[in-house]
Amino acid sequence: MRVSVFLDGANFFYMQKDGLRQFIDPKKLYDYISTEIGQIEDAYYYIGQDAPPDAQQQSYLDALPNMGFAVVTKQIKSIYDQSSGQTKQKANLDIEIVLDMFNTIDNYDLAVLISGDGDFDRALQLLKARGKKFKVLSTGRFIARELRQTAGMHYIDLSTILDKVKKL
């Protein structure tokens with residue numbers, strides 16, 4: 001089974017920090033997918049990047065290709081919310097993830113989405129309509145209801161594999 005991995009870095013970070021309260025080693029996660037799910041053809045890690053990136057973030061980004069991930073970055077933007085008076089930082093990469101899912105559709109039999117964002121629900125429905133299989137890796141607290149319903153038995157809660165993928 002040829003597999004492509006699409007990892008939503010922002011969602012992945014908050015799943016670990018606030019959901020699991022434990023960090024995952026991306027290399028161990030890559031190895032888990034290649035061992036338990038299928039042969040990885042491509043693995044993409046989508047992440048917002050500070051401009052300029054701080055040393056710790058740059059070190060992490062530099063390590064990802066050595067773990068097997070192609071890194072797709074977008075500059076983080078500051079967005080001012082007039083109603084709350086607060087500034088939020090955002091680098092929405094959802095469209096890049098969906099475009100890559102469909103532009104590389106002939107390269108894989110199964111897509112692994114590592115995100116719980118409900119915005120990906122329609123993309124998964126369209127993959128299924130095109131005869132593609134998929135898995136969704138997330139956590140119970142960070143997966144949108146509609147994404148969980150679409151994934152059904154193809155959902156893997158990261159807490160159930162934490163012993164195999166956690167950062168030591």
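Colleague: Which residues have the most contacts inside the largest nonpolar core?
Modeller: Leu29, Ile33 and Ile114, in a core of 29 residues. Keep in mind that this is a predicted model.

Colleague: Which elements each supply at least two residues of this core?
Modeller: Strands β1, β2 and β6 do, along with helices α1 (9-20), α2, α3 (55-67) and α7 (162-165).

Colleague: And what does Ile114 touch, not counting residues up to four places away in sequence?
Modeller: Val5, Phe6, Leu7 and Asp8, then Phe12, Met15, Leu29, Ile33 and Leu137. There's also a second, separate core of 22 residues, with Val136, Ala144, Leu147 and Tyr155 among them.

Colleague: OK, on to the sheet. What's the strand order?
Modeller: β3-β2-β1-β6-β7-β8, an open sheet of six strands with parallel pairing. β3 (70-75) and β8 (155-157) each have a single partner strand, so one side of each has no neighbour in the sheet. On average, neighbouring strands are turned by 20° against each other, ignoring direction.

Colleague: How many bridges join β1 to β6?
Modeller: Five, between residues 2-8 and residues 110-114. Leu7 has Ile114 as its bridge partner in β6. Helix α2 (residues 26-36) packs on this sheet and touches β1, β2, β6, β7 and β8, with its direction at about 150° to that of β2.

Definitions and conventions: Residues numbered from 1 in each chain as written. Predicted model: local features only at pLDDT ≥ 70, side-chain atom pairs only at ≥ 80, totals over all residues. Heavy atoms only, no water. Pairing = 2+ DSSP bridges. Helix = DSSP H or I, 4+ residues; strand = E, 2+ residues; numbered from the N terminus. Axes fitted to C-alpha atoms, helices over the stretch in contact; angles between N-to-C directions. Contact = heavy atoms within 4.5 Å. Core = buried A, V, L, I, M, F, W, Y, C linked by side-chain atoms within 4.5 Å. Buried < 20%, exposed > 50% of the residue type's maximum accessible area, 1.4 Å probe, protein only.
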